[in-house]
Amino acid sequence: MLQIRDILWGFLYIACAVAIQVQVTPTHREISVGESKFFLCEVVGDAKDIDWFAPNGEKILPNNPNIQVSRNDETTSTLTIYHADVDHAGIYKCVAKNGDKEAQATVQVKIFQKITFKNVPSPQEFNEGDDADIVCDVVGSPVPFIIWKHKGARIQANKDVRYNIMENGHLLIRGIKKIDEGAYNCEARVMETGEINFKMINVIVNVLPTIRARQSEVNGTADMGGSILLACDADGYPEPIVTWAHNNVILESGDKYSLTEDGSELVIKDVIKVDEGDYTCIARNKAGEMSQEVSLNVFVQAKITYLNNQTATEFDDEVTLTCEASGDPTPSISWSFQNRMFSEGEQSHDGNIVVRSHARVSSLHLKNVDFTYAGEYLCTASNSIGQDNQPVYLEVRYAPKILGVVAVYTWEGNPANISCGVEAHPGASVTWFRDGLQVPSVNTSNVKIYSTQSSSYLEVSPESQSDFGSYNCTATNAMGTESKEFILIQAEVPSPPEIQRLEPFSSSAAVEFDEPVSFGGVPIIKYRLQWRSDGQDWTGRDYDATEDLTEFTIGGLTPDTNYEVKMSAINGKGEGENSAVVKFKTGPIQGEPSTPKLEAMVQNQGNALKVNWIMQDDGGSPINHYLVRYKAKHVSDWKPEIRMPRSSEYVVLSGLDWNTEYEIRIVAVNQKGKSEPGILSFRTATEPTTMPGASGSGLSTGAIVGILIVVFFVLLVAVDVTCYFLNKCGVLMCIAINFCGKAGPGAKSKDMEEGKAAFTKDESKEPIVEVRTEEEPTQNQEGVGPTEPNETTPLTEPDGKTKDDVKTEANNTAAEVKTVPNEAPQTNGNESKA
């Protein structure tokens, strides 16, 4: 079966017999740069010559190295393009000739070149402020167009005049800034082929250095072996290198100079005066350099070069202290003495101290020399870079000066110390005289002398009226002698106090009084208040004398009953006369008690409070108990109510919150009902700071037990020693008797118990300057009043508590709420000694 192709060729063959026909296969082709392709030219008919012509019209010769032509047979010829280049693109023509017959055919060759980045350096560096031409050279066929991107966004030159995409595809940034730094995407695209490619270009913006001196002017001290630091801080990109120059000479690290690694700090060693001047710090980087001047001023520190101690005698007309100093700038010189400052041209208010200065010398002139001028004077030389201080001493020799209280009070049998304080230079010897005779004499045993470095004490134990009177203290040294008379005066009992006001209630009375006009020469230590109803014996109570004691409260009275009251004052000599008797009558039975009067005292630990109350009146019916309530003010709930016995006079509230305001209410209750509450507000202390080492690892159980055992043993020893000296008993007493043959403390201790003046051992010679009386017998349990008190034997334990109070407090130390009974039992005034 004949094919269509065979039929066509048959027709063609017939036609060729008439003319020549040419066909090029393929008629067009796209070639990538570098590829090789061939084209076939077929001729129908007889053709003597078959030639190929290049796009420029020139005949392609067989010896062309890149484009070769070869005739395969009589009817075909091949055109081969090796390693195609863009220059090979165009229309190639195949021409067949046979005599005058000619035919031709063409083929269009398109050379396609992939996008190629020929010159795209990265990074590309520019100086800040320059017009930056970012290079991106791209070739391709067809010619690609360029898109620029920065930080993911396309750069649109029509929206920002700083940007311009030039004809060669480069990106121009006018006045580039540091913020323009970063990665830029140069993207090439060929629309005809859809080809796309890109290159990332890292753009670096170098910043011209900035440099700043930490101190534009630096002061240094010469000749001190010290160093001076000059410093400049430089910024820029890339990080600049700092160098230093002085007098146009670049400085390098060595014996004289030291530079840090980055050059920012220059240390000048062993500074001398010639180092003074201007120093230049220079910062350099790729963008350029900047410099800064630093001025170094070298001074000489003030230094005192001359001082001389002086010695003077009291009442000299003048003495001069001189101080010389050196330094650059010239130092100023001032003086100080006992926190008083004196400088050039200044003087004391009395004109006796004057300062005069000239150049580097200052003189302190002291006129009318007094013994108080003696001591250390400080000379201070100072200039703009420092100062120097040195002391100079003035020794003043002066005759003794006697100090001390002239009048001393005591009484027969009670030792007294007359103190003669002596100031003298050189030191003085002290002698005591009585009626022109030196004391103590050989036959006197009631006069003794004790001395310290600055005082002499004459202890006199008066035995009769003749021991009172004048005693002379005479102090002598090389400069002279000074005497002073001291008077030993017989003390008297105080005058009676005066009852100013008495306010009776149904079962109590408030008494206000004025203190005695005369104390008798020695302090009042007690007040005795006595009262009685008609036909009854006097009942009394003693109160410790305090500065603020101006009133008493008498309790336990019978309602609607006549009473009379009196009071007296007691000093070391004894009890004075009673005041005038004041009569009063208690009121009828009221019913409920009056409001308690409250007083508070914060305890040592700071978060505990002792609240005392004074019952003004029980309403005619004995107090059954007291009710105590308290709470922090910022909360609404009260703490559980505390019931206190009728004999209680205070309550101790412990374990309170720190730095918190509390409210306390105390109510007195009798058979008739409750009183109005006594109300008290207070704030606890701020919690103390924890001591260092309080936290962290604590002591082990064994260590704690060991400490407790040691403490217990020490307490036992202390108790035994106390028993030995006070009561002549205990283990130590047994040892003393059995092994040493001693019966206890010596006679000196007994003398102390009998009220005689006690002094320390001979090594110290330090007296106990107190006035004492004979021993006070212990009050018996039947209410017998105490014997006559003295100034050093208190009727109550410390803090104004009775012995019963102290025992009660000791038994209740572990409890949160502490109570004590009323003060010492009331005594009958007729049974006590006046």
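What you're looking at is a predicted model, where local features need pLDDT of at least 70, side-chain atom pairs count only at pLDDT 80 or more, and totals for chains, interfaces and linings use all residues. Residues are numbered from 1 along each chain as its sequence is written, and side-chain values use heavy atoms, with hydrogens and water left out.

Let's start with the sheet. Five strands make up an open sheet in the order 34-41-40-36-37, with mixed pairing. Strands here are DSSP runs of E with at least two residues, numbered from the N terminus, and two of them pair if DSSP finds at least two bridges between them. Which strands stand at the edges? Strand 34 (407-410) and strand 37 (437-439) do, and each has a single partner strand, so one side of each has no neighbour in the sheet. On average, neighbouring strands of this sheet are turned by 35° against each other, direction ignored; the axes behind that angle are lines fitted to C-alpha atoms. Strands 36 and 40 (residues 469-477) run antiparallel and are joined by five bridges. For instance, Ser-429 has Thr-476 in strand 40 as its bridge partner.

Now for the rings. The whole structure holds 11 aromatic pairs. Rings of Phe, Tyr and Trp (its six-membered ring) pair if their centres lie within 6.5 Å; planes under 30 degrees apart count as stacked, over 60 as edge-to-face and the rest as tilted. One of the pairs is Trp-432 with Phe-486, which is tilted, at 5.9 Å centre to centre and 45° between the planes. Trp-432 sits in strand 36 (residues 429-434) and Phe-486 in strand 41 (residues 480-490), so this pair ties together parts 54 residues apart in sequence. Trp-432 counts as buried because its relative accessibility is 0%, and Phe-486 is buried at 0% too. Buried means under 20% relative accessible area, exposed over 50%, and partly exposed in between (1.4 Å probe, protein chains only).

Next come Tyr-563 and Phe-584: their ring centres are 5.6 Å apart and their planes at 15°, so they're stacked. Tyr-563 belongs to strand 47 (residues 562-571) and Phe-584 to strand 48 (residues 582-585), 21 residues apart. Both Tyr-563 and Phe-584 are buried. Elsewhere, Phe-513, Tyr-527, Tyr-543 and Phe-552 form one aromatic cluster.

Arg-434 has its charged end over the ring of Tyr-471, 4.6 Å from the centre, while Lys-631 lies over the face of Trp-638 at 5.3 Å from the ring centre.

Note on methods:
Helix = DSSP H or I, 4+ residues; strand = E, 2+ residues; numbered from the N terminus. Lys NZ or Arg CZ within 6 Å of the ring centre and 35° of its normal. Axes fitted to C-alpha atoms, helices over the stretch in contact; angles between N-to-C directions.
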